[in-house]
Amino acid sequence: ITPPGDLKCKKIFFLRWEPIKDDELLKQSVEDLIHNLVQNLLSYNFTSIAFPAIGCGEYGFNINILIKAIVKSFREQLVKRKLPWAIHFVIQPHQQQIFDEFSRQTMA
């Protein structure tokens, strides 16, 4: 955890993660990431989260699998832990599938 500097937040939590090219391992890696992230958000009483531009293409992995795995993992954590968190997406117009995927998952 570090102070925010010029950002409009109180503190920043860093959790190191690197994507994996194998699709099945990527899914498991994302599940582990989200689980650890939620654990730390709860432990440190964080009230919001922002992801950097993961999946920007430089690693050569399947971006659709990454998006679906993130959405599925977050949804599972919200439901399993009965968390009242709201999820907000800041996406570019061509990334509408991220929001659509989350909406489908949360309605299921």
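Visitor: What pLDDT does the protein chain average?

Guide: Start with the term. pLDDT is the predictor's confidence in each residue, from 0 to 100. The protein chain averages 75, and 65% of the residues score at least 70. This is a predicted model, where local features need pLDDT of at least 70, side-chain atom pairs count only at pLDDT 80 or more, and totals for chains, interfaces and linings use all residues. Residues are numbered from 1 along each chain as its sequence is written, and side-chain values use heavy atoms, with hydrogens and water left out.

Visitor: How many helices and strands does the protein chain have?

Guide: Helices (H or I, at least four residues) and strands (E, at least two) are DSSP runs, numbered from the N terminus. The protein chain has three helices and zero strands. Along the sequence the pattern reads α-α-α.

Visitor: Which element has the lowest mean pLDDT, and which the highest?

Guide: Helix H3 (residues 96-107) has the lowest mean, 61. Helix H1 (residues 23-43) has the highest, 90. Where pLDDT is low, the predicted coordinates should not be read in detail.

Visitor: How do I check the length of H2?

Guide: Compare the span with an expected value. That value is 1.5 Å times one less than the number of residues. H2 has 18 residues and reaches 25 Å from first C-alpha to last, close to the expected 26 Å.

Visitor: Which residues of H2 are buried?

Guide: Buried means under 20% relative accessible area, exposed over 50%, and partly exposed in between (1.4 Å probe, protein chains only). The buried residues of H2 include Ile65, Leu66, Ile70 and Phe74. Across the 108 residues of the protein chain, 29% count as buried.

Visitor: Which residues touch the most other members of the largest nonpolar core?

Guide: A nonpolar core is a set of buried Ala, Val, Leu, Ile, Met, Phe, Trp, Tyr and Cys residues joined through side-chain atoms within 4.5 Å. The largest one has 17 residues, and Trp17, Leu26, Val30, Ile34, Leu66, Ile70 and Phe74 touch the most other members. H1 and H2 are the elements that give two or more residues to this core. The largest share, seven residues, comes from H1.

Visitor: What is glutamate 31 in contact with?

Guide: Contact means heavy atoms within 4.5 Å. Glutamate 31 lies in helix H1. Leaving aside neighbours within four places in sequence, glutamate 31 is in contact with Lys72 and Ser73. Lysine 72 lies in helix H2 (residues 63-80). Glutamate 31 and lysine 72 are 41 residues apart along the chain, yet their C-alpha atoms are separated by 8.4 Å. Glutamate 31 is partly exposed at 30%, and lysine 72 is partly exposed at 37%.

Visitor: Is serine 29 buried or exposed?

Guide: Serine 29, in helix H1, counts as buried because its relative accessibility is 12%. Leaving aside neighbours within four places in sequence, serine 29 is in contact with Trp17, Glu18 and Ile20.

Visitor: What is the phi of lysine 82?

Guide: Lysine 82 has a positive phi of about 55° although it is not a glycine. Lysine 82 sits in the loop between H2 and H3. At 74% relative accessibility, lysine 82 counts as exposed.
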